[in-house]
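Dear colleague,

Please find the structure below, handed over for your records. My notes on what was found in it follow directly after.

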Amino acid sequence: MGVVAVARMIMSSRTWLFLKQGVAAVLALLVLSIDLRAGFDVSIAVLYAIVLLVAAFGQSPRLIRLWMTSCGVLALGSFLCVHWSDPDLGSILRLLFSLVAVAITGALLIGRHKLESMRRKVEHSREELQIFADSVPQVLWATYPDGRCYFLSRQFTEFTGVSREAAIREQNWTDTIHPEDRPGFLAEMEEAYRKETDFRTYFRVRSRDGDYYWMYWMAAPHRLPETGRVHRWYGGCANVDSQFKAQETIRQLNHTLEQRVEQRTEELVRAQWRYRSLFQDRNIGVLELSFTEAKAHLDILRKNGVKDLHDHFVDHPDDLEQMLLSVRVLDLNETYRSMLGFSDAPREELLEPSPGENRLGGRPVLIRTLHAYFNLQDSIAGTANIRTRTGSLLVVAYAINLSESGTAFFTVVDITERERAHELLLKAQNEMARASRVATIGALSVSLAHELNQPIASMSMDAATVLRELKKPESDRDRMAQIVDRLSRNTMRLAAIVDRTRNRVSGRERTLAPLDLCTLTRETASLLERDAAARGATLHVHCSGNAALVEADPVEIQQVLVNLTMNALDAMSDQTLDASRVDIAVTGTGEDRVRVSVSDSGPGIPDDQIEQIFQPFYTTKPDGVGMGLQICRWTIEALGGDLAARNRPEGGAEFAFTLMSL
């Protein structure tokens, strides 16, 4: 339907155009015929201006020029036809007058067409400007130099709910500004208009829902190029409520953050003071080391499935050396430098080399720290022997805190004098124990001789009597039966004497209570750590954690563990330091029993001595008595267990005993 209407409109406009052109052509021919008949005695050719008006009014300049040319040609043609042979001044003037009339009419028509075109363009530009102003999300405005507003964009009405036409008509558009902000805004605006300068400000505007929102106001003057005077004022107003409130929130957060930073700074200052107080302690050595590279290497090993770091280092000794040399000294205090005899050395000299070169401590401690990082521990402690600058031996107790970043914080205390006193005490106790054992054995020997003398003599006499009876042709069977019965009773008596003596040796008067063998084993290993270090050996405790609870006397079991461990350490006295290792394992056997084994990496037990080592007074030590293993066996057997020894296939000896678990 619309297409048909447009087509009809086009057809009607074309028909009207053709009709006008036809009428103009007929009128032109009519004027030409009259002009040819009348000659130029009268100004008939002036009527060509009417023909031009009929044909070209409202048409394009091209069509107007075409008809101007046509009318001029017709006027000139009629002049030539009539006055060619005898032109006079009057006819020439009339011809010129007609041509001028046609030209003026054409010029007026062309000018009108241009003015109409310009009017349409101005109207289109005004519409475009109105669409642009109404499409911008901000409120746009314009005022005269005296401040009277004559334009407001559609967003003013949409935001405030006030008609922009009414606001312009009544000049009350500032009534939407918050009462507290309006006086200041009007004063700033008046000052800017007076000084003819740009100005920007913030104020709150009431929206159509009655709430106030922060707005950002911008204004700038427009000057005429010719005079430089202000012709108009233009500007915009943007809603910045969310940004304004966000900035206010940020200011509050910054204020809170500044307070917290100040508070945290004070805490850090106090913490730093505490740290420096500890770092500068004159009795405690402090050392800070970086294990960052080594820790990264250990993490890779763990991800690659390495389970036992000790075995890995045995198979890959270069890895161990590389990790030790990658450790770096971050800081150390004066106390630790004095311990090692480096008080006069420059501090930088001690920070440059790696501690893996044994400049600042014992190599075993660094290796233990690597194991701790590998096992994801956060702290370790113990004692160690380190060499000073002069080569003397220093015994220290250390505690190490390990951070996830790879920094290890060492605190070290010199316990050399205490360890020396402890060694003297241990030696005295060992001598006293040895003397006590010798005295006990002597007393037991006398007691045994006294108690066994009578039954042995009786048994000897009965044996002689049996021999005599057997030599007779006819033996008295009843009497021999009596003698054999007496021999049996004496044998039982001897067994009772031996049992009673064994009870005396093993200490029958004991206190039995639930005992955790894992805990006791670790405590024993800790007590013997100094002895192991003195022999260049390492102790390793392995506990399964299952069924490790038994009923026993902790003093007796610990003495058994001490005896077996010391024997293992003595068996490795002729080995190199790195190869000396003692493993103490506590495991469940699955039969309601707990097995405790002490194994070493020594040469093992000669095959011909395995059965003899548990015999009383049999010893392979120059200063041994030969009762240690026998007493250990008696102690274990008295608790319902058993003690045995064997040589391991991989080398070294193993002593193991089992007890009933709870």
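**Salt bridges**

E196 and R223 form a salt bridge, with their closest N and O atoms 3.1 Å apart; the term denotes a side-chain nitrogen of Lys or Arg within 4 Å of a carboxyl oxygen of Asp or Glu. This is a predicted model, in which local features need pLDDT of at least 70 and side-chain atom pairs count only at pLDDT 80 or more, while totals for chains, interfaces and linings use all residues. Residues are numbered from 1 along each chain as its sequence is written, and side-chain values use heavy atoms, with hydrogens and water left out.

The pair links distant parts of the chain, 27 residues apart: E196 lies in the loop between α7 and β3 (199–206), and R223 in strand β4 (residues 212–223). Helices (H or I, at least four residues) and strands (E, at least two) are DSSP runs, numbered from the N terminus. E196 is partly exposed at 34% relative accessibility, and R223 is partly exposed at 36%. Here, buried means under 20% relative accessible area, exposed over 50%, and partly exposed in between (1.4 Å probe, protein chains only).

A search of the whole structure finds 14 salt bridges. Among them is the one between E191 and K195, whose closest N and O atoms are 3.0 Å apart. Both residues lie in helix α7 (residues 182–195), four residues apart, or about one turn of the helix. E191 is partly exposed, with a relative accessibility of 31%.

R154 and E158 also form a salt bridge, the closest N and O atoms being 2.0 Å apart. These two residues are separated by about one helical turn because they are four residues apart in helix α5 (residues 154–160). R154 has a relative accessible area of 33% and is partly exposed; E158, at 41%, is partly exposed.

**The antiparallel sheet**

Five strands form an open sheet in the order β7-β6-β10-β9-β8, with antiparallel pairing; two strands pair if DSSP finds at least two bridges between them. Its edge strands, β7 (328–332) and β8 (379–387), each pair on one side only. On average, neighbouring strands of this sheet are turned by 30° against each other, direction ignored. Nine bridges connect β8 with strand β9 (residues 393–402) in the antiparallel sense, and S379 stands opposite N401 in β9.

Helix α14 (residues 363–374) packs on the sheet, touching β6 (285–290), β8, β9 and β10 (407–414), and its direction makes about 20° with that of β9. Contact means heavy atoms within 4.5 Å. Axes are lines fitted to C-alpha atoms, for helices over the stretch in contact, and angles run from 0 to 180 degrees between N-to-C directions.

**The mixed sheet**

Another open sheet of five strands has the order β12-β14-β15-β17-β16, with mixed pairing. β12 (538–543) and β16 (642–647) stand at its edges with a single partner strand each, so one side of each is left without a neighbour in the sheet. The twist from one strand to the next averages 15°. Strands β14 (residues 581–588) and β15 (residues 593–600) run antiparallel and are joined by seven bridges; G588 stands opposite V594 in β15. Helix α20 (residues 628–638) packs on this sheet, touching β16 and β17 (653–660), with its direction at about 135° to that of β16.

Yours sincerely
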